[in-house]
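Please read this briefing with the structure open beside you.

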Amino acid sequence: MTRETLFNSAALAALALVPLWAHFSGEPFTVTLATRAVILALAAVGLHIALGLGGLVSLGHAVFFGIGGYAMGILAHHAQTYTPLMEWPFVIEGTKSMPVIWLVAVVLSSVVAYFIGLLSLRTSGVYFIMITLAFGQMFFFFAISWSAYGGEDGLSIYVRNGFPGVNTLVPIQFYALCFVILAAVMFFAARLQRSPFGLALNAARQVPDRVETVGLNPMRLRLVAFVLSGAITGLAGALFADLNRFVSPTMFSWQMSGELIIFIILGGLGRLYGPVVGAVVFVALEHILGDLSDYWHIYLGVLLLGVVLFARGGIIGMLLGREVAHD
Amino acid sequence: MTEAILATQGISKSFGALKASDDVSIDLMAGEIHAIIGPNGAGKSTLIKQICGGLKPDTGTVKLLGEDVTDLPTELRARAGLGRTFQISALAMEDTVLQNAVLGALGGQGNPWRFFKPVLKDQDLLDTAMEALERVGLQDHAKTRTAELSHGQRRQLEVAVALTLKPKAFVMDEPMAGLGTEGSKRLTEFLGDLRHQAPILLVEHDMDAVFALADRISVLVYGKVIATGTVEEIRANKDVRDAYLGDEA
Amino acid sequence: MSLILLIEQILNGLQFGIMLFLMAAGLTLIFGVMGLINLAHGSLYMIGAFCAAAVAGATGSFLLGLIAALAGAAIAGALVELVVIRRLYTKDHLDQVLATFALILIFSEGTRWLFGSFPLFLDIPDALSGPVTLPGGIEYPLYRLTLIIVGLLVAAGLFLLISRTRLGIQIRAGENDREMIAALGVDIAKLYTIVFALGAALAGLAGALVGAIQSVQVGMGEPVLILAFVVIVIGGIGSIKGALIGAILVGLTDTLGGIFLPELMKLFFSPATATSIGSSIASMSIYILMAAVLVLRPTGLFGARA
């Protein structure tokens, strides 16, 4: 256990220090890249709760990523055009305040996760995979057809939204904000893993029959996990849209859902920092290999295949050895 | 007449043309071990599923402590006091022995909706879990990963997890499965004591254990109970010998 | 809304559905027999389309293109099965998803590398172009009608294969109990390769046939794959009958929904808003159908009851 905690602390420290160094060396692009990595890591941590802990293979987690993104896009769009969202039965104005946007993103994602979970968790593994993929596609096509908010072309937000006390336009400050959020969520996730809920959920993943016969309901456990998971990924979506000042239907795409799972597997399934390591490595690869070749996805595919077939524990597994700490 | 702790009344279950359970009425009284024996395919697992939850009988009722539980899902029957062990150990292999026992204690406590405090620091859960582990003799292995336990130790853990619920009745599905002579002897002694804490409905193939332990035996053949009685009565019963025991009984 | 338009749209829905069936049938067979969820099926669809377009473009013969599609997809399928898929049968669904997702990346980018990012063109053969007059005076594109007929023929062929041939018996037995048929001496490895290649050929055929009315480009397979999943969820996994009925339901819902929902919305909203809201809901109609089926039957219309 201590080895993994050491590793996790080192990873967190690196995430704090490297961008700081980049900032002071005058490399704002690295800071932006790091911000991208941290936000994607956050999205993947959300998925980890459903997938790593709960064993739910959600191939449609981009749904929540997109919901968060569009929550931001829609609210900020109405704010920047000075038009209200709704006038009847009561007036809802847009907003460019990040805390409000995050709250909306989290609540919406949770509600959608609740209903998708309710429908799809009654079925077994394979159906769940296909259903979540299908719902992702549904939102994707819906966003494309919703011309009021850009449709296929997406929606641009001219100025990044605001957070009290922070100048979000400065890359390192926005990065710090995202980093703090990630750290807070990691702390929560770590506690969750060790909590009674975490124990029960983990057991439900391994032996659902046993969980029933000790008096707990596996489906309810999974539903709660799925909702928590969707909420976190939704928050990441809102941040991502703010990073790019742009939201488009691709945030809902199956490719996005696939990427989230790739982060987790690359980093190490079941490991708390798996999604973080995976996201960072992926963003780095994307940047480095993407420069070298237009077709770098082939290498990604081969790498992924290799990890699945031969190095199932991912990067953390290779560094720390086979067993996932469970205490 | 004292109320049965656990009882089925006339339960039947068909799968298409196959009648897996045919008007089965069995009861379990306090302080006893009631063994269910029968050849493979007799419908023992179908019966267990209808008693413990997961399979609804076509007709008939299942009662626990006098309450009708036929429509209750598995987890609510467990909460009501039904403990169960599986023929193939159903344990979280990646977790430690202690974690598995704590899972049982958590179920008994009834509230998994706590997200923050480390579960292994909850004194109540730890006490219940360790108490159960001590009863089966696994307390020294609390920190061992379940995957590393021997088969016999896993069967012990299986029983321990059921114990943490402090159930009113046990349904045990072939607890002796895979145990050697030494293990079977110890488990037989253990179950002999356990019956006084809560009665046991024991589905078993190991005839030595059954004859040593059972207060009553019911014989299930093709989904039907063909005989119920004491060990001597069943051994002497001609139908039973023809159907199952043969002449060596 | 004239009757003629309605019938045209119904036929379109049927055509769309039947092509979906070709995808779904392969997927459900592969899952039913091998227990494998295959995300790379969309790639096989794409490979079929590209083979057809390349060969038809080079030789001028649509028929040769079709044969190339069947062969190309089947060979690609068999190769993939031998090299990658075989290692996945004993692994859990997550591993299967990830590995086949990796295959999507490799195939998509590989195709893009070979053929570039611009779509290829596959022309409807002259013999099948132009409208045909149906009873009732309705004019309908001959090619699309041919697709419906071809699809139904393939469906009939599949049913015969499953119910009357030795291979079919092995498939049905394999769906029920994998270990048993191995114990009975059936060469499982060969059976699996054949089933996978069969599914691939069906996907390739669909890709080639549809490629003539839509464009042949990288990434064309995945949206169809996901729709095929919806079909399987509705129809029930492992059931070819379910795949057919589910596919037709999905095809009709999508096509008719796209027509009727905007019209329905016009009862409540202005024409412009109605069209916009209507088409948005129409784009979701298939998934709403799927959700409705799930509420009533979590394992699909013809799936194994839980």
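**A covered helix in chain A**

The buried residues of helix 7 of chain A are A:Pro196, A:Phe197, A:Gly198, A:Leu199, A:Ala200, A:Leu201, A:Asn202, A:Ala203, A:Ala204 and A:Arg205. These belong to a predicted model, and in it helix 7, which spans residues 196–206 of chain A, is mostly covered, with 10 of its 11 residues buried.

- The buried residues of helix 7 of chain A pack against helix 2 (28–53), helix 6 (171–194), helix 8 (208–213) and helix 9 (218–244) of chain A, and also against helix 3 (97–109) of chain B.

**How the chains meet**

- Two pairs of chains are in contact, and of these it is chains A and C that share the most contacts.
- Chain B and chain C, by contrast, do not touch, and their nearest C-alpha atoms lie 10 Å apart.
- Where chains A and C meet, 38 residues of chain C are in contact with 35 residues of chain A.
- On the side of chain C that touches chain A, the elements giving two or more residues are helix 4 (93–115), helix 9 (221–235) and helix 11 (271–296) of chain C, and the largest share, 15 residues, comes from helix 4 of chain C.

**The largest nonpolar core**

- The largest nonpolar core holds 294 residues, and of these A:Ala134 and C:Val230 touch the most other members.
- Helix 2 of chain A supplies the largest share of this core, namely 17 residues.
- Both domain 1 (1–81 + 167–249) and domain 2 (94–164) of chain B give residues to this core, so the core lies between them.
- Leaving out residues up to four places away in sequence, A:Ala134 touches C:Ile226, C:Phe229, C:Val230, C:Val233, C:Tyr287 and C:Met290.

**The two domains of chain B**

- The domain assignment of chain B gives domain 1, made up of 1–81 + 167–249, and domain 2, which covers 94–164.
- Taken over C-alpha atoms, the centres of domain 1 and domain 2 of chain B are separated by 26 Å.
- Eight residues of domain 1 of chain B are in contact with seven residues of domain 2 of chain B, and the residues on the domain 1 side divide into five nonpolar, two polar and one charged.

**The sheet in chain B**

- Four strands of chain B form an open sheet in the order 2-1-4-5, and their pairing is antiparallel.
- Strand 2 (18–28) and strand 5 (67–68) of chain B stand at the edges with a single partner strand each, so one side of each has no neighbour in the sheet.
- Strand 4 (residues 59–64) of chain B is joined to strand 5 of chain B by two bridges, and B:Lys63 stands opposite B:Asp68 in strand 5 of chain B.
- Helix 1 (residues 44–52) of chain B packs on the sheet, where it touches strand 1 (6–15), strand 2 and strand 4 of chain B, and its direction makes about 55° with that of strand 2 of chain B.

**A buried loop residue in chain B**

- B:Val69 is found in the loop between strand 5 and helix 2 (74–80) of chain B.
- Is B:Val69 buried or exposed? B:Val69 counts as buried, because it has 21 C-beta neighbours inside 10 Å.
- Apart from its neighbours within four places in sequence, B:Val69 is in contact with B:Val62, B:Lys63, B:Leu64, B:Arg77 and B:Ala80.
- B:Val69 and B:Thr96 are 27 residues apart in sequence, and in space they are 33 Å apart, C-alpha to C-alpha.

Terms used: Residues are numbered from 1 along each chain as its sequence is written. Chains are lettered from A and ligands numbered from 1 in the order in which they are written. This is a predicted model: local features need pLDDT of at least 70, side-chain atom pairs count only at pLDDT 80 or more; totals for chains, interfaces and linings use all residues. Two strands pair if DSSP finds at least two bridges between them. Axes are lines fitted to C-alpha atoms, for helices over the stretch in contact, and angles run from 0 to 180 degrees between N-to-C directions. A residue is buried if 20 or more other C-beta atoms lie within 10 Å of its own, exposed if 12 or fewer, and partly exposed in between; C-beta atoms are placed from the backbone. A nonpolar core is a set of buried Ala, Val, Leu, Ile, Met, Phe, Trp, Tyr and Cys residues joined through C-beta atoms within 7 Å. Domain bounds come from an automatic or database domain assignment. Ala, Val, Leu, Ile, Met, Phe, Trp, Tyr, Cys and Pro count as nonpolar, Asp, Glu, Lys and Arg as charged, and the others, Gly among them, as polar.
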